[in-house]
Amino acid sequence: MQFIKYIVGFCLLMLFYGCSSKQTGDMIALSDLDPISIPEDSEYVVEIKDWLAIGPFEVNSFLADPAKSFYREDLKRYGIKEGLINEKGISKLQKRGIRTFLIEGPSPQVKLFSYVPDQAEKKSNFYLISRIHSDKAQEATLIIDGSNSYAMWLNGDKLVEVTGKYNTNKITDRFVNISLKEGENILFVKVNRGTNRLSWDLICAIASRREGERIFSVNYARDFVVNPIVSNTLEVYAGPYTSGKVEVKDEKGQVVVNSSFGQRNTNDAPFVVSGLSEIEDGFYNAALTVGDKRLEEVIYKGDYNEFVHKMKARVAEINKGNSYAEDLKIALQKVEFMHNKPGDPNSPNETRYLNKNRVFWGYSLYRMLNENPLTQLMTYSDEEGRSGTFIFHKDNKLQKNIPLVIVMPFALEGDLMIEDWYTSNLDQIETDNALADQYGFAVAWIYAGGKNYSAEKAGKEITAIISRLQSEYDMDDRRLFIMGDCEGGRRALVQIATSPNRYAACGLMFPITLSGGIDGVPIDLLPQMDKIPMIIKHGTNDVKSPVENSRRFYTEAQKLDIPVEYIETQGSHVYLERDYRGFIFEFFSRIIAE
């Protein structure tokens, strides 16, 4: 009887652990997958968009923990070693009824939920294969991101494994140095969903070593510390660099801890800097020097709970009934929201992103209390008495005739700025703020009503924000600019049509111009936009906002003699580099110089 139970249980396991979809139609061979060609140029970035996909395989939550299904080797029962695949293996899988198909996408971001025919909650692992052709043996850098967990192999050798990553908002999670052999190379990827409902994605590109280092230095410029709230040791991620120096400085600029590393791959484990137990609790500046780049990030050493308690006490002591007091209250609300936001001990990435936000907004409040803000939350009250919040950034070197850039948000889904998009996209805020510093601009990130957006509300909000800023800073009325991406670009154009005399210029990335809500379709509003200079960049492979939006808008603008500069690229809606809006700030600086 016990033996019969074992056989029944084994058969059930085979039933539930097998792939749910049967292969239909023509057999697919590895040779049907077009190879990715690596150029001979010294500097390049090649996005991987085409894959041969196997799966997804099923997991039954009654028999196995979905969160641990990543470690199941689905291909082993078919005699295929994980990380190794060939024509014979693919043929064998298809003959056994395993779903195998080609993915040919316009973007390097593969959304695997799109390829699950039914009951995604029962699926676990996808296997993806890419053919990479190199005319010569060469060194390169693999730039990757994935969710919930992923692992990669090149020519059978395991490169990296990441678990518990809920989303791909970083876009460039890992920078792994690889050696391509002459001829064909096989990249093999395993992507697991676990119980993740946020995304089941993969982003992958191959770059020259130099380009890989450049992109890392941009995207991780203020995010290389793995544990931003530190106790006794500091952990550092160095991306494609295998040697470097780490310094920790106090508020007086004195080096309190320093260390260096060499021949170390921090994709496997971070570099650990010890000796922080001897320094006092507080904020410090951590600096990572790699190659000719120096990256800097603010960290907090000590008991963060105690810090929040002290900040609450300090804010409570301020009884002034003015805008400054209201700013401090909303900044404290942000700090408390982040502090109380639950993390997940099973996701190191989630912990890191929460702690980064906690330190950033805690430091912002700390600087506000010391009347030395850099990036801060500010409040306003519009002409109808509605109050709101915006993020304002200004380099302290800007004192007179300050030019201001208004950043229009896309379709946000919340009610409060302090709890919405601006939490999960801190990387983008910091990158754009750094660009603003480089070109000499202040920046106002507005909320525009969140899910209750309307062009009228947004216009009144902008008016109130300008009024608030002009009451405290020497803002130049003739130097007001506006920019936005996608739906944010559409909203920026509607604002230009509504208030054409307000703005000096407009900068847009893949804007939606051919459709809109009750507040208007931008291409129809062109005659109301006066002669405001604009710059637009759009990728031909953009599916979310098709390139025809910008092409037709540009054509119609030319007929009206509106000065529009149009840049068309081969890109999609996904950009690997966080500084992709640098061309807008450069354009705005040219407008000022004219």
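Predicted model: local features only at pLDDT ≥ 70, side-chain atom pairs only at ≥ 80, totals over all residues.

Modeller: Let us take helix α9 (residues 487-498). Helices are DSSP runs of H or I with at least four residues, strands are runs of E with at least two, and both are numbered from the N terminus. The expected span of a helix is 1.5 Å times one less than its number of residues. Residues are numbered from 1 along each chain as its sequence is written, and side-chain values use heavy atoms, with hydrogens and water left out.

Colleague: How many of the residues of α9 are buried?

Modeller: Buried means under 20% relative accessible area, exposed means over 50%, and partly exposed lies in between, with a 1.4 Å probe and protein chains only. In α9, 11 of the 12 residues are buried; among them are Arg490, Leu493 and Ile496.

Colleague: Against which elements do the buried residues of α9 pack?

Modeller: Contact means heavy atoms within 4.5 Å. The partners of these buried residues include the helices α8 (455-470) and α11 (548-559), as well as the strands β24 (475-485) and β26 (534-539).

Colleague: Is Glu430 buried or exposed?

Modeller: Glu430, a residue of helix α7 (residues 426-439), is buried because its relative accessible area is 11%. Leaving aside residues up to four places away in sequence, Glu430 touches Arg222, Lys356 and Phe360.

Colleague: Where is Asn340 placed, and is Asn340 buried or exposed?

Modeller: Asn340 belongs to helix α5 (residues 323-340). With a relative accessible area of 58%, Asn340 is exposed. Between Asn340 and Arg358 there are 18 residues in sequence and 9.9 Å in space, C-alpha to C-alpha.

Colleague: What is the radius of gyration of the protein chain?

Modeller: The radius of gyration is taken over C-alpha atoms, and the globule rule is 2.2 Å times the number of residues to the power 0.38. A compact globule of 594 residues would have a value near 25 Å; the protein chain has 26 Å, which agrees. Its C-alpha trace spans about 80 × 65 × 50 Å along the principal axes. The protein chain contains 12 helices and 27 strands, and 56% of its 594 residues are buried.
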